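Please walk me through this model. Start with the aromatic rings, then move on to the core, the helices and the sheets.

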Amino acid sequence: MQKRSGLLIIIFFEFFSCRNAPDDKVNPEVNVMSDVVGTDSLVVEQLIERSRNLYGQGGLHVDISDNYLSEAEEIARKNENLNQLARIYNLTGQRYRNRAQYGKAMEFHQKALDLATKTGDKHLLGEVYNQLGVVYRRIDDNPTALEMHVKALSLAEETGDSLLIGSAINSIGNVNYNLDRYATSIEYFKRSLDLAERMNNKLGLAINHNNLGESLLKLGQVDSALSHFFTSLDYNYQIDSKVGQSICFNSIGAAYLEQDRPHKALEYLEKALHLNEELGDLMQVAISHSKIGETYLQTGELDLAEQHLKKSLTVALDIGSLFQIEEASKLLSELCEIRGDYAGALKHFKVASAYNDSIVNEKNVNHLSTQEAIFESERQRKRIEELNKQTLQQQAKLDRQRFFLTIVLILVVAVSFAIIMLIRQSQLRNRYKNVRHQQRLLRSQMNPHFIFNALSAIQVYILEHDIEKSSRFLTDFARLMRHVLRSSTHDYISLKEETEILGYYLELQRLRFSEAFDYSLSIDEALDKEKVMVPPMLTQPFIENAIEHGIRPSGTEGYVSVRFSREEGEKMVVEVGDNGIGIEASKKAGEKEKGHESMAIKITRERLDMLRRDSGRGTDMVIMDKKQINPFDRGTLVRIIIPVVEMDRNTKTHEVKHRQKVSQWS
């Protein structure tokens, strides 16, 4: 199939993608943010515009991704602005395309397409599809290019974007030109030209006049073609588009060749080559060398013709342009034949034929594949219709079976779940009852050794006729027993009552050991002892341990401190400390009641665990030797953390509220 000789139309063109170079050069090394102000979105727009101005005509000396564009991409990515990121990637892909780096161009256009799809912006999608179509045209994949341009046109018409409509129509005209449908391409170019005239779009006017000239040239209407080429060149001078100028120079040169005016053609072809080399558009460089070589071939200057044709072939091989490889090889074959180098002529002719066959075969394969797909689709459609009838019958049967199976499975799962929950509930209830029984047993015991020793102490005071101490001891003991018996039926008592019980207990222990130790009971002012509720006798086992296993073995005057304080997060901290021999020394001594102590600690931990589940808040208990805190100190410190619980005003006692919670939990 015969291809255009002077240009691949709109190699960079999309009506809104090209900008004139600024009057003053911009230094890309300066701080790009120094004079850019506004919101992040506005800053990105300003940076993109400055990048366009800096890039200008896109010569080889200009970086594809300058500081402005890099900064814009970084800000857009940070703000997750997908729309701006897609536009930046689309612009970058366009620049790579104009350098004939089609792989990189496709990579960035595909990134832009993915982001534009996520945003659902139809205008942006149309722009990306149109640019993808240009890349596919560059690599001679015209069917895919046509698909991309048609999508772009459809989206442009949906959004009413006249610029994009004109660009897409122009691109479809270019695909028809590539397929040698010159009359059809002229119709599309005229439609696009009409839109450009109505919008006074000089870039669109320049492009379409040149495209019309190319199609007319292929139809042999050279004079009309030259008229359009010079009109296009004038518009390109007005908008200062060097790319457009180079395309026009190539086109005018090709027209003069058709008129058999090679020296006039060389004048314009040399101008085109100079501009294309400056711009770095390798596709156009290859075309210019090929046209100049063809011209020198006509004038008989074979050495110059060979020089340019070989350069054209080298560049075409580098960028992978099948058409341009075929064109340069064909002309080199003619040159060798003129020189009488028939071996060289045959060699280049074979290369040209191979690439021509490759281009034709690719189109034939695509066409054959399309027809096979249509035939196979029709055959499959009929087969699917037959299978659908069978499938509907089977589906109805399977639906009934699935329904009954689902009902059975639901029943089995529901019954199994109910049984498991009943078993679990029973286990939890039994465990809870067991823990409560152990706690109440522990509270009601009050250590039989202590009761026996207390009665013995009273007996000693009576025998010694110490009426005052025996009466005081007996009174405190009776009060303590009364408080213990009363609290044994409750899960919570007020902080005030708890401290009274502990006070009686400590006083009795102090009288029992002939006032061998002192003690202190302190309550943080942040705790209302009338309203704050605590588990009864939570600290009693640790006070007993402090006296029996800490202070008593030390043989010195002891001290026991009990402190209730409030921390942030509605936590109460209870600390029991002594200045005895310490927990480590107590363990080494091997007390006889070690088992009792361990059982008391175990049950206390279970009480704390149950309290944590009831309240939904954290609890903790730490027992440490004071030497761990201060090497010069001695004794043991027990630190218990429980949630602050206050009297519920809506019930007579907190016990009612607590039992409701326990009932729900069990």
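Tyr96 is buried, at 16% relative accessible area; buried means under 20%, exposed over 50% and partly exposed in between, with a 1.4 Å probe and protein chains only. Phe108 counts as buried too, at 12% relative accessibility. This is a predicted model: local features need pLDDT of at least 70, side-chain atom pairs count only at pLDDT 80 or more, and totals for chains, interfaces and linings use all residues. Residues are numbered from 1 along each chain as its sequence is written, and side-chain values use heavy atoms, with hydrogens and water left out.

Now the rings. Rings of Phe, Tyr and Trp (its six-membered ring) pair if their centres lie within 6.5 Å; planes under 30 degrees apart count as stacked, over 60 as edge-to-face and the rest as tilted. By this rule the count comes to seven aromatic pairs. Tyr96 and Phe108 have ring centres 5.5 Å apart and planes at 15°, so the pair is stacked. The pair links distant parts of the chain, with Tyr96 in helix H3 and Phe108 in helix H4, 12 residues apart. Helices (H or I, at least four residues) and strands (E, at least two) are DSSP runs, numbered from the N terminus. Elsewhere, ring pairs link Phe230, Phe249, Tyr256 and Tyr268 into a cluster.

Charges also sit over rings. The criterion is NZ of Lys or CZ of Arg within 6 Å of the ring centre and within 35 degrees of the ring normal. Lys271 lies over the face of Tyr268, at 5.1 Å from the ring centre. Lys111 lies over the face of Tyr89, at 5.4 Å.

Next, the core. A nonpolar core is a set of buried Ala, Val, Leu, Ile, Met, Phe, Trp, Tyr and Cys residues joined through side-chain atoms within 4.5 Å. The largest one has 48 residues, and Ile88, Val128 and Tyr129 have the most contacts inside it. Elements giving two or more residues to this core include helix H1 (40-55), helix H5 (122-138) and helix H13 (282-299). H4 gives the most, with eight residues. Contact means heavy atoms within 4.5 Å. Leaving aside neighbours within four places in sequence, Val128 is in contact with Asn90, His109, Ala112, Leu113 and Ala116.

Follow the chain to H14 (residues 302-319). Its 18 residues reach 26 Å from first C-alpha to last, close to the 26 Å expected; the expected span is 1.5 Å times one less than the number of residues. The buried residues of H14 pack against H4, helix H12 (262-279), H13 and helix H15 (322-339). Gly320 follows H14, and its phi is positive, near 75°.

12 of the 12 residues of H20 are buried, so the rest of the structure largely encloses it.

Last, the strands. Two strands pair if DSSP finds at least two bridges between them. Three strands form an open sheet in the order S1-S3-S8, with antiparallel pairing. S1 (493-494) and S8 (645-646) stand at the edges with a single partner strand each, so one side of each is left without a neighbour in the sheet. Ile493 stands opposite Val534 in S3.

Strand S7 (residues 636-643) has seven of its eight residues buried, so it is largely enclosed by the rest of the structure. Seven bridges join S7 to strand S5 (residues 571-578), antiparallel. Six bridges join S7 to strand S6 (residues 620-625), also antiparallel. Leu637 in S7 is the bridge partner of Gly577, and Ile640 in S7 stands opposite Met621.
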